[in-house]
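User: Hey, I'm new to this one. Can you walk me through it?
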Amino acid sequence: PQTEAVLGALKAPLHIAAYVGRDHPLADSIDRLVALYAQARPDLKLSFIDPQFFPEQARSADVTVLGQLVLEYQGRRETLRELSEGTLTAAIARLASDRPAWVAALVGHGERSVMSPAGADLGRFGQLLQGQGLRVQALDLAVQDKVPDETDVLLISTPAVDFFPGEVEQLVEYLRGGGNLLWLMDPGGLGGLDPLAQELGLRLLPGTIVDANARGMGIDTPAVALVSDYPDHPMTAGLKAAALFPGAAALAPEAAPGWAIAARLATGTGSWNETGPIRGELSRD
């Protein structure tokens, strides 16, 4: 019933491109599931594109997994790597939403850009967000005097230039108003965002996380946080291989009044916070 309701609310044709050869076993599974959707929505179009024969088209659609689905509706796009009625219906519902969620990424202080694919920038991350039907917008508080009300998530990455006090006040006000914040923080200074950290009770500890088990993963440097055990949580659903977080910082395990810490990922027993130089043989001392 939920799927039928979502399909019934569509105001235009939906196109689904499956990036797999038509003779591949995955194609039959995709065809069977999408055929049920087409019964309820005859204007739904399904096409199969073999990445081996159309690599440029696959790259343009940001396809990385065989059998990946790319949904397009009224100029919006969403990418699926997992095939089920639940994931497909949820993706169609997001595409059909009159107001897609808005991610505002702070710029103007040398932050890592979600619009650029260069170097240490976050362009790949930005592409994935847009592929999920989210709207990604740059936000410069030197131009706009506040975080826009329609912002669903505010993204901050490590600035190269300190924020002005007035800008930090706007960020604190946004947070106090119930705003959602994703803060990508590197080891080192906070770039003038100390009042924001105090508002949350975040205290950045000196040093960098290292893991003695990194060498067993074929990694030349121990300066990584290695996570191999995942909790039963939507954030980690489907993850099996170990995740590596290079240059990870440690935070003191305390929060400001009114806030609670919910730790989702944990490093293993071979990890610690190294405050000395990271060279030669390291030991936990």
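User: Which residues of α2 are buried?
Analyst: In this predicted model, they are A27, I30, L33, V34 and Y37. Buried means under 20% relative accessible area, exposed is over 50%, and partly exposed lies in between (1.4 Å probe, protein chains only). Helices are DSSP runs of H or I with at least four residues, strands are runs of E with at least two, and both are numbered from the N terminus.

User: And what covers those buried residues of α2?
Analyst: The cover includes helices α1 (2-8) and α4 (85-96), plus β1 (15-19), β2 (45-48) and β3 (68-73).

User: OK, L26 then. Where is L26 found?
Analyst: L26 is in helix α2, which spans residues 25-40. L26 is partly exposed, with a relative accessible area of 35%.

User: What is L26 in contact with, leaving aside neighbours within four places in sequence?
Analyst: V20, L66 and G67. Contact means heavy atoms within 4.5 Å.

User: How far apart are the C-alpha atoms of L26 and Q52?
Analyst: They are separated by 15 Å, and the two residues sit 26 apart along the chain.

User: Switching topic: is strand β7 mostly covered or uncovered?
Analyst: Mostly covered: β7 runs over residues 153-157, and four of its five residues are buried.

User: Which strand do four bridges join to β7?
Analyst: That's β8 (residues 181-184), running parallel to β7, with I156 opposite W183 in β8. Strand β5 (residues 102-106) is also parallel to β7, joined by three bridges, and there A104 stands opposite L154. Two strands pair if DSSP finds at least two bridges between them.

User: What do β7, α6 and β8 make together?
Analyst: A right-handed β-α-β unit, with α6 covering residues 165-176. Right-handed means that, with the strands pointing away from the viewer, the path from the first strand over the helix to the second runs clockwise.

User: Last one: where is F125 found?
Analyst: F125 is in helix α5 (residues 123-131). F125 is partly exposed, at 31% relative accessible area.

Conventions:
Residues numbered from 1 in each chain as written. Predicted model: local features only at pLDDT ≥ 70, side-chain atom pairs only at ≥ 80, totals over all residues. Heavy atoms only, no water.
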